[in-house]
Amino acid sequence: MHFRPLHDRVVVRRIEAEEKTSGGIIIPDTAKEKPQEGEVVAVGPGVRNENGTLVELAVSAGDRILFGKWSGTEVRIDGEDLLIMKESDILGVIETMAELKQAA
């Protein structure tokens with residue numbers, strides 16, 4: 001099954017957080033918070049503005065993003081836990097140093 005989000009919705013796969021602290025302490029599953037970092041799996045076509053023009057989304061599939069703690073709706077598609085959220089719930093795109101150097 002293939003899922004295609006509508007309008008300005010984005011499908012996100014959570015990226016699991018480290019299981020150890022920087023000091024080497026292992027964090028038990030019960031004490032872990034859900035990660036707020038994810039990878040965009042699919043994006044909708046965009047949203048229409050007042051003039052009826054389609055405005056495309058600023059994120060695309062493959063982008064690593066940060067999102068709010070309570071953002072999105074959790075769904076299970078093909079046995080995988082994913083989030084569906086509006087683009088406005090995304091706080092920003094995480095870019096690596098290599099991507100920044102390449103853009104310059």
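A salt bridge is a side-chain nitrogen of Lys or Arg within 4 Å of a carboxyl oxygen of Asp or Glu. The model discussed here is predicted.

Q: Why is the contact of Glu37 with Arg64 called a salt bridge?
A: The closest N and O atoms of Glu37 and Arg64 are 2.2 Å apart. The cut-off is within 4 Å, so the pair qualifies as a salt bridge.

Q: What makes the pair of Glu37 and Arg64 a tie between parts apart in sequence?
A: Glu37 belongs to strand 2 (residues 37-43) and Arg64 to strand 5 (residues 64-67), so the pair ties together parts that are 27 residues apart in sequence.

Q: Why is Glu37 called partly exposed?
A: Glu37 has a relative accessible area of 23%. Buried means under 20% and exposed over 50%, so Glu37 falls in between and is partly exposed. Arg64, with 37%, is likewise partly exposed.

Q: How do you know that Arg14 and Glu74 form a salt bridge?
A: Their closest N and O atoms are 3.4 Å apart, and the limit is within 4 Å, so the contact counts. Arg14 lies in strand 1 (residues 9-14) and Glu74 in strand 6 (residues 73-77), so this pair joins parts that are 60 residues apart in sequence.

Q: Why are Asp81 and Arg76, which meet in a salt bridge, called exposed?
A: Asp81 has a relative accessible area of 52% and Arg76 one of 58%. Exposed means over 50%, so both residues are exposed. The N to O distance in their salt bridge is 2.4 Å.

Key: Residues numbered from 1 in each chain as written. Predicted model: local features only at pLDDT ≥ 70, side-chain atom pairs only at ≥ 80, totals over all residues. Heavy atoms only, no water. Helix = DSSP H or I, 4+ residues; strand = E, 2+ residues; numbered from the N terminus. Buried < 20%, exposed > 50% of the residue type's maximum accessible area, 1.4 Å probe, protein only.
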